[in-house]
Structures are given as C-alpha cells and as structure tokens.
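Student: I'd like to learn how to read a protein model. Could you walk me through this one?

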Amino acid sequence: MDRRNFFKVGAAAMSVPILSTVAAAKNVRLSFDDLKKEAKVNVIYHADFPQEKRFKTMLRNITNHLSVYDFDPFKVKIVVVSHGAGGKFLLKDLKGTKWAKEPIDQKALRIKMEELLQYGVEFYLCGITVKRAKLMGKLYDFVKIVPSGVGTVAHLQTLGYAYIKVQ
C-alpha cells in the first residue's frame, strides 16, 4: 500500500466514529456560550427566506466556498443559521405546519445538507421559531437549536464570523 492509500484508509477509518456521533446527535440545544470560533475562517450563511431555489443556491455556494479551502474543516467553519420561513428547509416533515402544502423537494435538500455535514457545516435553527411554529419532532436530527436566530447571527459576528446572505 502506497503512502496516499495508507492515509486515505486511515482517514476513512478515523471518520467512522465521528460520523456515527454526528448521526446519533438529535437536536442538540446550544447556548450562546457554546458558540465558538473554530477555524481560521468562520462564516455564517443566514437563511430566513422562503424560496427553495434560493436555499438550494445557498447550499451550492457553501460547497463552492468549502472547495477553495480543500473541504478542510480546520481551514473554514461554516454554519447556516435559519429562522422564520428559512426553518422549513430543516424539517423532515412539513405536515401540520404552515408550509404543508408547499412542494419542497425535501429529499434532495436533505441529501445535500448531509453531504455538507461531512465537512463540518452545521445547521442551526432558531428556538423561537421552533416553539412558535411547533416544529419539535419535525426537525432533521442534525439540526441544532439556538436560542434565537438573529441573536445567534449577531453573537457569531462578534466572535469574528463573516456574514453571507444569498440573494
């Protein structure tokens, strides 16, 4: 086995416990004290908009963003902060919500988000949105609940996170 293959096999073996831990996590609640600057470059993508096409564009931009840092989570940390209408994209089930009749391709979005999770991207959802819209139990397991979407955006900016909102 050459050196490249040795490191590929080692990296794959090391990622199994990490990925299983991520998969096992279920809607962790974070406080502002839990939010830290984790890489050389730290970025917030803000999602409070209702358009599925715009959300897909944001996910594609995140992939492009990661690519210029070689998909290395030690070089770049990206978080998506959603609230309001942007929260619907983080739901595994729209039934019983005000978005129940919207034709959202949840499967395609989930697949893309799960791909981004492998590179350290985190998805945060506003706790106020969760409570007001009664979304608990409808979220993908990887979604982390923060006290407030806009509060989290502001808090992360004070820590040095860059702010991006796809138009």
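Student: How many helices and strands are there in the protein?

Tutor: Helices (H or I, at least four residues) and strands (E, at least two) are DSSP runs, numbered from the N terminus. Here there are five helices and five strands, and from the N terminus on they run α-β-α-β-α-β-α-β-α-β. Keep in mind that this is a predicted model, where local features need pLDDT of at least 70 and side-chain atom pairs count only at pLDDT 80 or more, while totals for chains, interfaces and linings use all residues. Residues are numbered from 1 along each chain as its sequence is written, and side-chain values use heavy atoms, with hydrogens and water left out.

Student: In what order do the five strands form the sheet?

Tutor: Two strands pair if DSSP finds at least two bridges between them. In this model the order is E4-E3-E2-E1-E5, in an open sheet with parallel pairing. Strand E4 (143-146) and strand E5 (162-164) are the edges, each pairing on one side only. From one strand to the next, the twist averages 30 degrees.

Student: Is E3 mostly covered or uncovered?

Tutor: Buried means under 20% relative accessible area, exposed over 50%, and partly exposed in between (1.4 Å probe, protein chains only). E3 is mostly covered, with five of its five residues buried. Glu 122, Tyr 124 and Cys 126 point one way from E3, and Phe 123 and Leu 125 the other way. For the protein, buried residues make up 41% of the 167 residues.

Student: Which residues of H3 are buried?

Tutor: In helix H3 (residues 106-117), they are Gln 106, Leu 109, Met 113, Leu 116 and Leu 117. Those residues lie on the same side of H3 because they cover an arc of only 105 degrees around the axis (the arc is that of the directions from the helix axis to the C-beta atoms). They pack against H2 and E3.

Student: How many aromatic pairs does the structure hold?

Tutor: A pair of aromatic rings is described by the distance of the centres and the angle of the planes. Rings of Phe, Tyr and Trp (its six-membered ring) pair if their centres lie within 6.5 Å; planes under 30 degrees apart count as stacked, over 60 as edge-to-face and the rest as tilted. This structure holds four such pairs. Tyr 140 and Phe 142 are stacked, at 5.4 Å centre to centre with 10 degrees between the planes. Tyr 140 counts as buried because its relative accessibility is 8%, and Phe 142 counts as buried at 11%. Ring pairs also link Phe 123, Tyr 140 and Phe 142 into a cluster.

Notes: Axes fitted to C-alpha atoms, helices over the stretch in contact; angles between N-to-C directions. Contact = heavy atoms within 4.5 Å.
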